[in-house]
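Dear colleague,

Please find the structure below, handed over for your records. A short account of the findings comes after it.

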Amino acid sequence: TVLRKRGIFITLSGSNIDWAYYDDRMQKSVSAKGLLLGNGDRIAVKVTTFPSTEGPYGQELALID
């Protein structure tokens, strides 16, 4: 499943979920690779930015039925 919505691109394949977008505030492209855990109520995420960010970068994703 692929969702494109105004500046964000989301791909869901099985328990893998990836999303990418451009953050105007940071002036960086953000790419996140996630893995749905349990019954899909938790997610493990690895976030990368381009150009790269020196410190950790937090993301939140609301999973709504």
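The following paragraphs set out how the model was treated and then what was found in it.

This is a predicted model, in which local features need pLDDT of at least 70, side-chain atom pairs count only at pLDDT 80 or more, and totals for chains, interfaces and linings use all residues. Residues are numbered from 1 along each chain as its sequence is written, and side-chain values use heavy atoms, with hydrogens and water left out.

The protein contains five strands and zero helices, where strands (E, at least two residues) and helices (H or I, at least four) are DSSP runs numbered from the N terminus. Of its 65 residues, 15% are buried; buried means under 20% relative accessible area, exposed over 50%, and partly exposed in between (1.4 Å probe, protein chains only). The exposed surface comes to about 5300 Å², of which carbon and sulfur atoms supply 52%, as computed by the Shrake-Rupley method with a 1.4 Å probe.

There are two salt bridges, each defined as a side-chain nitrogen of Lys or Arg within 4 Å of a carboxyl oxygen of Asp or Glu. One joins Asp-18 to Lys-33, with the closest N and O atoms 3.8 Å apart. This pair links distant parts of the chain, 15 residues apart: Asp-18 lies in strand β3 (residues 16-23) and Lys-33 in strand β4 (residues 28-37). Asp-18 is partly exposed at 27% relative accessible area, whereas Lys-33 is exposed at 52%.

The other salt bridge pairs Asp-23 with Arg-25, at 3.9 Å between the closest N and O atoms. Here Asp-23 is buried, at 10% relative accessible area, while Arg-25 is exposed, at 68%.

With kind regards
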